[in-house]
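Welcome! Take a moment to look at the sequence and the 3D view, and then we can walk through a few parts of it together.

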Amino acid sequence: MKTKTQTSTITLLLLFILCSITINGHDDHDHDNITSNGWQSFKNLSGCHSGDQVNGLSKLKRYLNRFGYIPDSVSNYTDEFDDSLESALKKYQLNFNINETGTLDDSTLDQIQRPRCGVADIINGSTTMNSGRKSKSRGNINSVEHYTFFPGTPRWSTGNSDLTYAFLPANNLSSTVKLVFARAFARWSEVTTLTFTETDVYSDADLTIGFFVGDHGDGEPFDGVLGTLAHAFSPPDGRFHLDGDEQWVVDGDVTTTSLTSAVDLESVAVHEIGHLLGLGHSSVEDAIMFPTISSRSRKVQLASDDVDGIQLLYGSNPSYNGSSTYTPSSNHERDTSDGAVGVTIVRDKASKVSVLFRSKTSYKPRFMSDLNAQIPTAFDPFAEANAEDSGAGSKEYVHVRTQQRNGRKSLTTVQGLKKEFSYNKILKDLKKEFCCNGTVVQDPELGQVIQLQGDQRKNVSTFLVQAGIVKKENIKIHGF
Ligand SMILES: [Zn+2]
Ligand SMILES: [Zn+2]
């Protein structure tokens with residue numbers, strides 16, 4: 001029989017070994033080959049079918065629920081291979097062009113384990129990636145369109161085709177990283193009349209881009225290396241979040257790296273911008289809007305499915321001739337400022353941005369982690385709010401915002417009320433008035449913040465004005 005001390009010593013030793021592995025693995029790119037991620041364990045479910053009882057099926061059910069294949073109404077996530085799992089798998093297989101066996105065959109598990117976008121494939125049970133609709137625009141009965149939109153087909157209004165974007169100031173991104181996003185935006189502006197311009201004023205930008213780690217306050221926590229890579233909100237929300245734990249490649253040939261968890265930043269950026277503009281996922285594997293992307297791979301060219309989808313929302317760019325002009329050409333200028341070999345700059349008149357291209361010469365990939373970007377290491381619910389407060393005079397405002405994703409649970413926060421007010425009294429009144437749960441949290445810098453369940457922005461704002469607590473012009477409502 002082991003004594004308590006012996007057990008503790010062994011535990012400590014194990015912990016020490018585990019920590020050493022993690023630290024060493026994180027510091028050295030050349031020797032770091034992280035192949036395991038949260039979803040790799042699904043491979044143990046190979047061959048499972050209806051009626052089986054296998055450890056790990058409950059986790060798979062939560063995965064399928066997260067991406068829309070099992071409705072929220074199903075709440076018992078047992079390890080039993082039940083009917084709801086079988087029907088979810090058939091839907092998944094249809095969307096990913098896999099034989100609809102309803103069992104966990106190898107091609108299904110292979111797809112499930114791939115890194116992917118955090119946006120659900122089926123939203124509110126109403127969208128499907130693989131409707132099998134016949135394409136109208138191509139005039140070809142054999143071509144099938146698979147692009148989708150978010151429920152209600154939200155899009156940026158016709159009066160707002162010149163969109164601005166800003167980077168979360170706390171990330172302190174280098175110009176090399178920002179250029180990756182500029183290139184990604186250019187892919188979409190080339191085929192539409194939309195334009196994208198970077199602005200320094202985070203609070204005024206239509207689209208905001210930020211790297212976060214783990215739980216970052218919107219109910220969709222990131223999960224470390226691989227797994228979900230990024231997510232973005234449908235119009236007119238404009239938020240685009242990336243997992244700061246990924247080994248992002250910002251430049252160079254991602255396919256040549258020995259690091260198996262390397263992810264091409266531009267490929268993911270082009271995809272997420274599609275969401276920012278209103279596109280859902282597509283079942284066309286070559287399409288940018290396909291939900292998964294393997295690590296060490298690159299896909300930045302819009303497929304005709306992407307082009308058809310975005311042009312249905314925004315119309316086409318008259319100067320777009322049906323094929324991308326974004327390929328290295330003979331009259332390109334050599335980029336000397338960047339210092340990287342084999343990179344060319346093409347100046348694009350339509351989108352008014354300089355676009356960096358790789359030539360066919362491959363060179364060592366550069367990782368974002370080498371560029372001194374600052375990723376918040378823990379959940380800071382006020383990271384975005386602080387960024388907005390840097391604007392002149394914005395400290396006078398009371399900020400009312402909601403955090404919501406795909407119709408799931410949402411949270412309303414009220415920040416910036418004068419300190420003289422009793423927050424607990426206001427909270428009590430709000431809870432009574434709108435029959436919702438809530439709490440007051442203390443932030444070291446911002447002081448007290450009221451949190452309420454549900455999207456209560458309109459209710460709260462009206463209440464604060466009518467109660468004489470804040471003037472209407474001093475309320476900033478976010479997220480509309
Ligand atoms: Zn996506
Ligand atoms: Zn997020």
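Leaving aside its neighbours within four places in sequence, which residues is aspartate 223 in contact with? Keep in mind as you look that this is a predicted model.

## Aspartate 223 and its contacts

Setting aside the neighbours within four places in sequence, aspartate 223 is in contact with Trp39, Thr228 and Asp243. You can find aspartate 223 in the loop between strand S3 (207-212) and strand S4 (230-232).

One of these contacts can be followed down to the atoms: the side chain of aspartate 223 reaches the backbone nitrogen of threonine 228 at 2.8 Å.

## An annotated binding site

An unreviewed UniProt entry places the feature "binding site" at Asp223, Gly224, Asp243 and Glu246. These residues span 24 residues in sequence, yet no two of their C-alpha atoms are more than 9.5 Å apart, so they gather at one spot.

Now turn to aspartate 243, which lies in strand S5 (residues 239-243). Aspartate 243 has a relative accessible area of 0% and is therefore buried. Beyond the neighbours within four places in sequence, aspartate 243 is in contact with several residues, including Phe212, Phe222, Asp223, Gly224 and Trp248.

## A five-stranded sheet

Next, look for an open sheet of 5 strands, with the order S14-S15-S13-S12-S16 and mixed pairing. Why is one side of strand S14 (438-443) and of strand S16 (475-477) left without a neighbour in the sheet? Both stand at the edges and each has a single partner strand, so one side of each has no neighbour there. From one strand to the next, the twist averages 20°.

Inside this sheet, strand S13 (residues 411-415) and strand S15 (residues 447-453) pair in the antiparallel sense over 5 bridges. Leucine 411 has glutamine 453 in S15 as its bridge partner. Helix H9 (residues 423-434) packs on the sheet, where it touches S14 and S15, and the direction of H9 makes about 10° with that of S15.

## A β-α-β unit

For a parallel example, find strand S1 (residues 162-167) and strand S2 (residues 195-198), which pair in the parallel sense over 4 bridges. Threonine 164 stands opposite threonine 197 in S2. Together with helix H5 (residues 175-191), S1 and S2 make a right-handed β-α-β unit.

Definitions and conventions:
Residues numbered from 1 in each chain as written. Chains lettered and ligands numbered in written order. Predicted model: local features only at pLDDT ≥ 70, side-chain atom pairs only at ≥ 80, totals over all residues. Heavy atoms only, no water. UniProt positions renumbered as here; feature names shortened; annotations may be inferred. Helix = DSSP H or I, 4+ residues; strand = E, 2+ residues; numbered from the N terminus. Contact = heavy atoms within 4.5 Å. Polar contact = N/O pair within 3.5 Å; in protein donor to acceptor, adjacent residues only side chain to side chain. Buried < 20%, exposed > 50% of the residue type's maximum accessible area, 1.4 Å probe, protein only. Pairing = 2+ DSSP bridges. Axes fitted to C-alpha atoms, helices over the stretch in contact; angles between N-to-C directions. Right-handed = clockwise from strand over helix to strand, strands pointing away.
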